[in-house]
Amino acid sequence: MERSTIVRVHEGLHARPATRFVKLAKGFESDVELVKDGKAVSAKSSVKLMLLAVKENQEVTVRANGADAIEAIEALIGYLENPKAGLDDEEIHAPANDASKAAAPEPQSTSTVSDQANGLRGVAASEGVAIGPAFAHFPPDIAGQGRMLQADEIAGEIERFRAAVAAVQVRMDKVLAQDNLSAGDRGIVAALRDIAADDSLTSEAEEAIKGGNDAVSATITAASTIAADFSAVDDHYLNARADDVHAVGRQICLVLLGQDDVSLENIPQGAILIADDIGAWDLARAPLKRIGGVVCGHGGATSHIAIIARSHGIPAVLGLGDRINTLRTAQEVALDGNSGQVIIDPDAATRADFAGRVEAAAKERASLTAFKTVTPKLADGRIIEVAANIGSLEEIEAAQEAGAMGVGLFRTELLFMRHMHLPSEDMQAETYAALAKAFAPYPVIVRTLDIGGDKPIAGIEFPDEENPFLGWRGIRMCLDRPDIFKRQLRALLRAAVHGNIKVMLPMVSDLGEVRQTRVLVDECAAELKAEGVPHATFDLGVMIETPAAVLIAPALAKEVAFFSIGTNDLTQYIMAADRLNPTVAKLNDVTNPAVMSAIELTARAGVAAGIMVGMCGEAAGRPDLIPAFLEMGLTELSMSPASIQRAKKAITAMVAGT
Ligand code: PEP
Ligand code: MG
């Protein structure tokens, strides 16, 4: 018996939803299969189910055979049709912890690392600088016996293998039972536990043992086969699960060999961990407080190592590939997790430079915490809102920890980039509502989709353009694709019920763009009203980041509720100097009088019209420029959370000095 449906589970049957689906399926006696595109897999194996790569909005069939087939189909179809199935409560408001942090850290002013030229460059996976003794962690490769088993040895070898798998599961359960495990680490270990408990790995290995291979060889082969399947799927998240399969296979082999893994327990305080690869399992159990930094051959910004490093504030550079071998014998290593630079055995000047930066960062961090709760006020009574620039819900905590007075720029691009398809209206509404609730009564300014051909996303066809920065991006693309734009506007209207949502448009260069957006907003509100969906209005503002917007600022100010100056783009467009091109970096300078006058013209137009003028470009966090911006009349400065306390201090000092 079978029934088909469209999958509504948010983001499809990824790790956790797949595991829960399997748990549900296992509760029935019947054999149950899930079929997609003619391919059927057992619904009782989470690995097989993940590999089927079932995505939201795809059609699948549930097939069941047995005494309780009707009940099984009923329950499993119900699960597949529930958008929130498989998610914990907090996850409904916080999408998977991986891709968000894939966002490149905001550009920071990095000091030059002396003249030492022997630096390597890898993926800047977790920000911060570190220098310390190298701790090389290169566990020896594991090898099987290299002889075929006799027929009478096979049953015993299968028993030995099963006992090893059980031992690994018990070990992982013990780790999961620890109270001090963070939610993120727990999720990672739980994912490994799921793989260890899954039939796919064990049955693949048992088949190999039946063919005469010893248990260690069989485990290595089985893990490699399944890992290769994960690597082949067209999905970054599932690709990263290949490392997890290898990690589980390795644990099983170590138990079989009666060996302990090379432990990270003895890592000295402040050491830089050097490894080709560190299993998430090893890292989650390591004394993380002692690790000064991490440098790895494997791993990218979305790997588990990166997630753990970021959530524990450990600077990390990953993805060095084979170049990691040049660090095997290093005595000391310096790394910059903002730029991806790694320096082996730094010379005296580099060492002094890094040591100075590490010390300065620590001292500054300690002295700035006093400003967390400060509400900066100018002598004339104007409150200056120091808000955060963020791009995902996972950054809410860091922003609040820093003392953010709301969000001055929520970049919605990540929401679109991290999914394999365009995010649904519901999913967007939940995300924006979670933000609004987290910061209420402070405002949360959500920027509508600002994407162009330089950062393509699934679901939008971008033309090939000679100059993507001058092309079909931001508001231009959105107005041409009302299907995408209206979905976002409807989600924002719905979220506005839950807090102080404001909306701003990127890349505006013409008044007509604001007017057309208003028409669409009104259309969306009318639709929601007709559908009986709760919604509320929001303030509509614009980013001032094109010269055209500066020159028509007086007219724009009459049509919008606020300006937010995007100095990153404004500088590149005023100076005609690509913000990504190092050869013209000198010209790409916000302090150039041309850019500063553009900012002043904007501020004057906004103040004259009585609307709020804020800034969300990088310059907003620069203590040396803040006094000038406030004198021009800005009342809101939005920046990366790491800059907030420093900015509050600069405003406080400015007021004290007046
Ligand atoms: C800007 O251009 O200043 C800005 C804040 O937007 P983004 O850096 O996302 O282009
Ligand atoms: Mg911009």
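Is Ala53 buried or exposed? I began with this residue and found Ala53 buried, with a relative accessible area of 13%. I note at the outset that the model is predicted.

**Entry 1: backbone**

I placed Ala53 in the loop between helix 2 (46-51) and strand 4 (59-65). Although Ala53 is not a glycine, its phi is positive, at about 50°. I then looked up Asp37, which is not a glycine either and has a positive phi of about 50°. Asp37 sits in the loop between strand 2 (31-36) and strand 3 (39-42). I recorded Asp37 as exposed, because its relative accessibility is 71% and the cut-off for exposed is over 50%.

I also looked up a cis peptide bond, which joins Ala440 and Pro441 with omega about 5°. Pro441 belongs to the loop between helix 15 (425-439) and strand 15 (443-447).

**Entry 2: ligand 1**

I listed the residues around ligand 1; among them are Leu409, Arg411, Arg447, Met543, Glu545, Asn568, Asp569 and Arg579. By class, the shell divides into three nonpolar, four polar and five charged residues.

I then turned to the polar atoms around ligand 1. From Arg447, a polar side-chain atom lies 2.9 Å from an oxygen atom of the ligand. From Asn568, a polar backbone atom is 2.8 Å from an oxygen atom of ligand 1. For Asp569, a polar backbone atom is 3.0 Å from an oxygen atom of ligand 1. I noted that the protein covers 94% of the 290 Å² of accessible area that ligand 1 has on its own.

Which elements give two or more residues to this shell? I found strand 14 (407-411) and helix 21 (567-575). The largest share, three residues, comes from helix 21.

**Entry 3: the magnesium ion**

I looked up the protein donors of the magnesium ion (ligand 2) and found Glu545 (OE) and Asp569 (OD), lying 2.1 to 2.2 Å from it. Glu545 lies in the loop between strand 17 (539-544) and helix 19 (547-551), while Asp569 lies in helix 21, so the pair ties together parts that are 24 residues apart in sequence. Glu545 is buried at 2% relative accessibility, and Asp569 is buried with a relative accessible area of 3%. Both Glu545 and Asp569 are also listed among the residues surrounding ligand 1.

**Entry 4: salt bridges**

How many salt bridges does the structure hold? I recorded 32, and I examined some of them individually.

The side chains of Lys372 and Glu401 meet in a salt bridge at 3.9 Å, N to O. This pair links distant parts of the chain, 29 residues apart: Lys372 is in the loop between helix 12 (348-368) and strand 13 (385-390), and Glu401 is in helix 13 (residues 396-402). Lys372 counts as partly exposed, at 28% relative accessibility.

Glu527 and Lys486 form a salt bridge at 2.6 Å, N to O. Since Glu527 is in helix 18 (residues 511-531) and Lys486 in helix 17 (residues 482-495), the pair ties together parts 41 residues apart in sequence. Glu527 is partly exposed, with a relative accessible area of 27%, whereas Lys486 is buried, with 16%.

My last entry concerns Asp624, which forms a salt bridge with Arg622, the closest N and O atoms being 2.7 Å apart. Arg622 is partly exposed, with a relative accessible area of 31%.

Methods. Residues are numbered from 1 along each chain as its sequence is written. Chains are lettered from A and ligands numbered from 1 in the order in which they are written. This is a predicted model: local features need pLDDT of at least 70, side-chain atom pairs count only at pLDDT 80 or more; totals for chains, interfaces and linings use all residues. Side-chain values use heavy atoms; hydrogens and water are left out. A residue is near a molecule or strand if one of its heavy atoms lies within 4 Å of it. A polar contact is a pair of N or O atoms within 3.5 Å; within protein, one must be able to donate a hydrogen and the other to accept it, and residues adjacent in sequence count only if both atoms are side-chain atoms. Accessible areas come from the Shrake-Rupley method with a 1.4 Å probe; for residues, only the protein chains shown count as cover. Helices (H or I, at least four residues) and strands (E, at least two) are DSSP runs, numbered from the N terminus. Ala, Val, Leu, Ile, Met, Phe, Trp, Tyr, Cys and Pro count as nonpolar, Asp, Glu, Lys and Arg as charged, and the others, Gly among them, as polar. A salt bridge is a side-chain nitrogen of Lys or Arg within 4 Å of a carboxyl oxygen of Asp or Glu. Buried means under 20% relative accessible area, exposed over 50%, partly exposed in between (1.4 Å probe, protein chains only). Donors are N, O and S atoms within 2.8 Å of the metal (3.2 Å for Na, K and Ca); water is not among the atoms, so sites may look incomplete.
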